[in-house]
Amino acid sequence: MGEVIVVTSGKGGVGKTTTAANIGTGLAAQGKRVVLMDTDIGLRNLDVVMGLENRIVYDIVDIAQGHCKLKQGMIKDKRFPELYLIPAAQTKDKTAVTEEQVRAICNELKQEADYIIVDCPAGIEQGFKNAIAGADRAIVVTNPEVSAVRDADRIIGLLEAHGLGNPQLVLNRVRPNMVRQGDMMSVDDILEILAIKLLGVIPDDDSIVISTNRGEPTVLDQQSRAGQAYRNIVKRILGEEVPLMNLEVEEGFFARLMKLFKGN
Amino acid sequence: MASFLQRLFGGEKNSKDLAKDRLKLVLIHDRASMSPAMMEHLRRDLIEVISRYMDFDEAALDVQMAEQDNMTMLEVNIPVSSVKRNAGV
């Protein structure tokens, strides 16, 4: 029996889809059978982040309304044999599926897959309720910014009200230099405010932009620090104890000297 | 470096501390907010419990959340007509 994990945030643009894509791909790279499900109907994006946008025939609304079989609506990934994507519909709105339909799809997927990773839309309306309907547990993504943390707090409350207590946090886009200078809230600051368990910390990393351009999840890039952070998260989901990585980039003596002169 | 010295001697607060303080305050308000439906539930429960001990005009029972000195207060105003003498004893 598989597990359904919903990736949510409240605020848009904090890295939900990127996180869902990387966790799903990372789990598949570990040999797990994974289905990624995009519930952001009308604003689908998980397909482009995964580089699978040209393979879409059916979508989640087709599956929910019985226009195709579940298997037909699952797009096979090009990298891993046991990784699938169920894309959101692009031309419908968030009321095109119901909570019961999403729950039924999740329950059916759980029979075959090890993990079902659900990418949740921004907001707290019907789309959010649909996304969490079939979930066994939740991951909350946020950034070290006042607005994103505030929305994360609201989402944590709503998850609890819907029976998804104890969600885990992914803190995305951390800039160690700014944290060191006291201009960005640290991991500890945010854990103190949100009182939530930490799943992982992702450094702000150019490689995310580049890998998204290519449609290749960063988790597969062995050189990328964000990729390493996502690989650690995947191991933690699989029950391994992995210490938080040091986010500081090693700087040579000369680079540090230059910085001193530049005055930052 | 310059900004570091400025902070050391000028007493200027780190912007992240500012962010943290503002967040904590705004979350106190956010977390204390109740939906109208929940308020109505609370109102009904209050009426049920309090009417075991006293008679009062149910329509005049007023429940609201208020902010006072950075604290969230639950204010309940009940005009009591009479107390039931032997209730709960």
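Two strands pair if DSSP finds at least two bridges between them, and strands here are DSSP runs of E with at least two residues, helices runs of H or I with at least four, all numbered from the N terminus. What you have open is a predicted model, where local features need pLDDT of at least 70, side-chain atom pairs count only at pLDDT 80 or more, and totals for chains, interfaces and linings use all residues. Residues are numbered from 1 along each chain as its sequence is written, while chains are lettered from A and ligands numbered from 1 in the order in which they are written.

Select residues 115-119 of chain A, which form strand β5. Five of its five residues are buried (20 or more other C-beta atoms, placed from the backbone, within 10 Å of the residue's own). A:Tyr115, A:Ile117 and A:Asp119 sit on one side, with A:Ile116 and A:Val118 on the other.

Click A:Met37 to find it opposite A:Val118. Next bring in β1 (residues 3-8) of chain A, also paired with β5(A) in the parallel sense over five bridges. Here A:Val6 stands opposite A:Val118.

**Stop two: helices α6 and α8**

Select residues 146-161 and 187-194 of chain A: the axes of these helices, α6 and α8, come within 10 Å and cross at roughly 40°.

Terms used
Axes are lines fitted to C-alpha atoms, for helices over the stretch in contact, and angles run from 0 to 180 degrees between N-to-C directions. A residue is buried if 20 or more other C-beta atoms lie within 10 Å of its own, exposed if 12 or fewer, and partly exposed in between; C-beta atoms are placed from the backbone.
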